[in-house]
Amino acid sequence: MKLSEFKFKLPEELIAQEPAPSRDESRLMVLNRKTGEIEHRIFKEIINYFDEGDLFIFNDTKVFPARLYGNKEKTGAKIEVFLLRELFEDQKLWDVLVEPARKIRIGNKLYFGIEESMVAEVIDNTTSRGRTLRFLYDGPHDEFKANLFALAQTPLPEYIKREPTPEDADRYQCIFAKHEGAVVAPAAGLHFSRELMKRMEIKGIESGFITLHAGIGNFRDIDVEDLTKHRMDSEQMNVDETIVQQVNKAKDNKQRICCIGSSTMRALESTVVMDGKIKPYNGWTNKFIFPPYDFTVCDSMVTSFHMPYSVMLMLETAFGGYDLVMKAYKTAIAEKYRFGAYGDAMLII
């Protein structure tokens with residue numbers, strides 16, 4: 001398919017700037033692939049579509065504070081630094097993006113915080129915008145990281161046109177987040193509250209977890225019309241023996257498996273062996289899913305309403321069917337559903 005096929009006009013006022021008052025009370029559109037029927041529900045009603053023994057699979061990655069602002073030595077120019085990932089703990093090295101990139105060279109020092117409490121030196125230029133920083137800090141690693149994160153902000157997507165608040169540190173994070181490493185929240189999982197998870201448990205719906213540290217590449221512009229030529233950034237992931245046994249058991253028992261979000265789906269589809277079963281994997285994936293694609297693990301999916309041209313929308317249309325999902329998006333716009341990470345949700349069955 002072509003990039004231009006994922007264009008649609010999204011009114012700016014439908015891009016959610018704030019989370020819903022309660023996680024599980026956002027709206028839920030239910031899309032039936034077999035009948036084409038569209039239903040309008042409240043998210044906590046999702047439990048009515050599943051039975052005892054069915055399996056929900058979540059991404060338990062944890063978002064860390066990633067955006068901070070510093071000043072360049074001598075000139076004092078304000079520099080935005082976006083932390084991507086830590087390279088070596090003992091050396092305090094981080095891959096970062098910097099803006100404006102043209103002002104930063106190897107050897108420059110950047111100062112952060114009140115009284116310039118944190119200092120970093122640029123030691124490498126990796127891309128046109130990317131750099132590697134070495135933070136100059138003599139204390140223990142845990143102390144360094146706590147101080148660094150205290151200076152940084154929650155990395156809200158750029159389509160949220162406001163400054164992060166203390167509330168965002170909690171709400172731009174799934175309640176089951178466990179393994180730190182993401183700069184993009186697995187948005188579909190944000191809708192699950194502790195109360196809903198408890199109701200699922202009481203009904204006998206099982207929960208399983210993979211880890212995929214979603215990166216900023218999910219929001220990068222695709223610059224090729226032919227999608228077969230697009231390359232995703234590699235992201236670190238882990239599918240352990242516990243979830244492998246859960247998935248393969250559900251397959252054997254012909255139970256339904258619901259994937260919560262596109263990052264979870266990419267991780268699962270990166271580990272497929274035969275008959276829709278999966279194997280353990282701890283490493284990296286750059287899997288890019290767009291139509292047509294034959295999914296083999298999950299038979300239902302929870303997803304958010306995504307931006308035009310986004311890789312998440314492409315995966316969504318691959319799972320739900322291009323024509324049906326794009327029709328659902330037109331309905332969502334007409335019905336004023338909220339888009340983005342803090343928006344509403346879709347269940348594709």
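## Nonpolar core

In this predicted model, the largest nonpolar core holds 117 residues. The members that touch the most others are Phe56, Val81, Leu83, Phe135, Phe192, Phe339 and Leu347. In soluble globular proteins, nonpolar side chains tend to be buried together.

Phe135 shows how such a residue is surrounded. Leaving aside neighbours within four places in sequence, Phe135 is in contact with Leu83, Lys92, Trp94, Phe112, Met118, Val119, Ala120, Phe144 and Leu148. Leu83, one of these contacts, is also on the list of core residues that touch the most other members.

## Overall build

The protein has 7 helices and 17 strands. Its radius of gyration is 21 Å, close to the 20 Å that the globule rule gives for 349 residues, so the protein is as compact as a globular protein of that length. Along the principal axes, the C-alpha atoms fill a box of roughly 65 × 45 × 40 Å.

Of the 349 residues, 54% count as buried. Residues 24 or more positions apart account for 71% of them.

## Helices H5 and H6

H5 spans residues 262-269. All 8 of the 8 residues of H5 are buried, so H5 is largely enclosed by the rest of the structure. The buried set runs Ser262, Ser263, Thr264, Met265, Arg266, Ala267, Leu268 and Glu269. The cover over these residues includes strands E3 (55-59), E12 (206-212), E13 (235-239), E14 (257-260) and E16, together with H6.

H6 covers residues 311-320. This helix is mostly covered too, with 10 of its 10 residues buried. Among them are Val311, Met312, Leu315, Glu316 and Phe319. The buried residues of H6 pack against H5, E16, helix H7 (322-334) and strand E17 (345-348). Gly321 follows H6, with a positive phi near 100 degrees.

## The largest pocket

The largest pocket contains about 1,000 Å³ of space. Its lining counts 45 residues, and those closest to the centre are Tyr159, Ile216, Asn218, Phe219 and Arg220. By class, the lining has 28 nonpolar, 9 polar and 8 charged residues.

Five elements each supply at least two lining residues: strands E6 (78-88), E7 (93-99) and E16 (300-304), and helices H5 and H6.

## Enclosed cavities

Rolling a probe the size of a water molecule over the atoms shows where empty space is left. A search of the whole structure finds 2 cavities of 30 Å³ or more.

H5 and H6 are the elements that give two or more residues to the lining. H6 has the largest share, 3 residues. The classes are 6 nonpolar, 2 polar and 1 charged.

## Leu31 in strand E1

Leu31 lies in strand E1, residues 27-31. Its relative accessible area is 0%, under the 20% cut-off, so Leu31 is buried. Not counting residues up to four places away in sequence, Leu31 touches Glu37, Ile38, Leu324, Val325, Ala328, Met346, Leu347, Ile348 and Ile349. Leu347 is listed among the core residues that touch the most other members. Glu241 is 210 residues from Leu31 along the chain, and their C-alpha atoms are separated by 32 Å.

## Backbone details

Two cis peptide bonds deserve a check by eye. One joins Glu99 and Pro100, with omega about 0 degrees. Pro100 sits in the loop between E7 and strand E8 (109-112). Another joins Pro291 and Pro292, with omega about -10 degrees. Pro292 is in the loop between strand E15 (281-285) and E16.

Lys74 has phi near 70 degrees and lies in the loop between strand E5 (67-72) and E6. Lys74 is exposed, with a relative accessible area of 85%. Lys336 has phi of about 60 degrees and is found in the loop between H7 and E17. At 58% relative accessibility, Lys336 also counts as exposed.

Conventions:
Residues are numbered from 1 along each chain as its sequence is written. This is a predicted model: local features need pLDDT of at least 70, side-chain atom pairs count only at pLDDT 80 or more; totals for chains, interfaces and linings use all residues. Side-chain values use heavy atoms; hydrogens and water are left out. On a 1 Å grid over the protein atoms alone, a cavity is a set of points where a 1.4 Å probe fits but cannot get out, and a pocket is an open set with protein on both sides within 12 Å along at least five of seven lines; lining residues have an atom within 4 Å of a point. Grid points are joined across faces, edges and corners, and a volume is the space filled by probe spheres set on the points. Helices (H or I, at least four residues) and strands (E, at least two) are DSSP runs, numbered from the N terminus. Ala, Val, Leu, Ile, Met, Phe, Trp, Tyr, Cys and Pro count as nonpolar, Asp, Glu, Lys and Arg as charged, and the others, Gly among them, as polar. A nonpolar core is a set of buried Ala, Val, Leu, Ile, Met, Phe, Trp, Tyr and Cys residues joined through side-chain atoms within 4.5 Å. Buried means under 20% relative accessible area, exposed over 50%, partly exposed in between (1.4 Å probe, protein chains only). Contact means heavy atoms within 4.5 Å. The radius of gyration is taken over C-alpha atoms; the globule rule is 2.2 Å times the number of residues to the power 0.38.
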